[in-house]
Amino acid sequence: MAIKIANAPCSWGTLEFEGMSGERITCRQMLDELRETGYEGTELGDWGFMPTEPAALRQELDSRGLTMVGAFVPVALKDADAHAAGEAEAVKVALLLAGTDTTPAPYIILADANGTDPVRTRNAGRVTPEMGLSEDEWKVFARGAERVAAAVRRETGLPTLFHHHCAGYVETPEEIARLMELTDPDILGLVFDTGHYLYGTGAGGRNAALEGLERFWDRVRHLHFKDCSPQVAAKARSEGWDYFQAVGQGVFCELGCGEVDFPGIVRFLNGCGYSGWITVEQDVLPGMGAPRESAVRNREYLRSLGL
């Protein structure tokens with residue numbers, strides 16, 4: 001198939017973080033606006049935002065001609081005691097997605113419990129090696145990721161991909177590389193998020209996201225297109241903003257307004273014959289900005305690149 005473009009609830013302020021307050025759009029309004037602004041697919045969002053019964057979820061999707069692309073599942077993988085509960089949660093979500101009978105199969109998008117560790121949250125976008133995992137912690141983390149992915153495949157047949165993410169333990173390029181080294185590519189793929197990658201480098205640069213995509217391409221199965229404002233990122237670093245402050249100040253700006261080289265990335269994808277989904281994610285806090293208008297501009301920008 002040709003590349004298809006999806007969007008996600010996080011672009012409308014529905015973020016998968018505990019205790020996130022603020023005015024939220026309803027599922028039906030979000031799906032209506034997503035379809036009206038030119039997207040063909042969606043991700044699930046946090047549990048309970050969309051229907052949690054497969055037939056009801058399928059009806060909401062089919063009535064709008066939308067495809068379910070995947071679902072974000074955060075797990076505190078550093079903590080071995082959290083692995084069993086994380087596995088159960090991922091399988092629960094996977095059973096919902098599998099029950100929609102979507103083709104191609106949607107992804108479980110596994111991530112760390114981002115935004116829960118104070119040091120990583122406070123230093124997102126500028127983490128240093130001493131803030132990272134020890135070798136023993138890496139082994140626990142990787143073992144948990146493989147456990148979750150294996151359970152999802154065993155119970156539902158769905159693939160699992162890992163999402164590197166700022167304010168979690170897999171943020172920097174070297175942290176992504178370490179997790180990929182420690183995990184089986186047949187069990188765990190990678191979601192490459194352009195904005196999180198760029199911010200997570202700690203320095204940015206026009207070529208950073210493309211270079212990262214090229215570096216990890218053999219593990220990439222899905223992409224999130226997110227831009228990163230160099231001005232906001234620089235201010236976040238100089239003023240010591242935490243992750244949520246940076247998001248609230250617009251570090252993840254509209255596509256084409258930041259530093260990610262989307263034209264170069266699209267050329268790379270076309271050259272590789274990529275034919276999967278790209279999900280647009282412009283992370284905003286609840287009630288922030290004008291999500292529908294941003295979705296329109298983001299879709300128009302991608303059309304200008306031939307997508």
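**Close-up views: salt bridges and aromatic contacts**

**View 1. Arg154 and Glu155 meet through their side chains in a salt bridge, 3.6 Å from N to O.** A salt bridge here is a side-chain nitrogen of Lys or Arg within 4 Å of a carboxyl oxygen of Asp or Glu. The model is predicted: local features need pLDDT of at least 70, side-chain atom pairs count only at pLDDT 80 or more, and totals for chains, interfaces and linings use all residues. Residues are numbered from 1 along each chain as its sequence is written, and side-chain values use heavy atoms, with hydrogens and water left out. Arg154 is exposed, at 57% relative accessible area. Glu155 is partly exposed, at 47%. The classes are buried under 20% relative accessible area, exposed over 50% and partly exposed in between (1.4 Å probe, protein chains only).

**View 2. Arg28, Asp32, Glu60 and Arg64 belong to one network of salt bridges.** The bridges in this network share partners. The structure holds 19 salt bridges.

**View 3. Glu87 forms a salt bridge with Arg147, 2.6 Å from N to O.** Their side chains link distant parts of the chain, 60 residues apart. Glu87 sits in helix α3 (residues 83-98), Arg147 in helix α5 (residues 135-156). Helices (H or I, at least four residues) and strands (E, at least two) are DSSP runs, numbered from the N terminus. Is Glu87 buried or exposed? Glu87 is buried, with a relative accessible area of 18%. Arg147 is partly exposed, at 37%.

**View 4. Glu87 also meets Arg154 in a salt bridge, at 3.8 Å from N to O.** This pair, too, links distant parts of the chain. Arg154 lies in helix α5 and Glu87 in helix α3, 67 residues apart.

**View 5. Trp217 and Phe268 are one of 11 aromatic pairs in the structure.** Rings of Phe, Tyr and Trp (its six-membered ring) pair if their centres lie within 6.5 Å; planes under 30 degrees apart count as stacked, over 60 as edge-to-face and the rest as tilted. Here the centres are 5.2 Å apart and the planes stand at 80°, so the pair is edge-to-face. Trp217 lies in the loop between α8 (208-216) and β7 (220-225), and Phe268 in helix α11 (residues 262-272). The pair therefore ties together parts that are 51 residues apart in sequence. Trp217 is partly exposed, at 21% relative accessibility. Phe268 is buried, at 17%.

**View 6. Tyr243 and Phe244 form an edge-to-face aromatic pair.** The distance is 5.4 Å centre to centre, with 75° between the planes. Tyr243 is buried, with a relative accessible area of 1%. Phe244 is partly exposed, at 23%. Which residues form one aromatic cluster with Tyr243 and Phe244? Tyr199 and Phe252 do.

**View 7. Lys92 lies over the face of Trp47, and Lys226 over the face of Phe252.** A charge sits over a ring if NZ of Lys or CZ of Arg is within 6 Å of the ring centre and within 35 degrees of the ring normal. Lys92 is 4.2 Å from the ring centre of Trp47. For Lys226 and Phe252, the distance to the ring centre is 5.5 Å.
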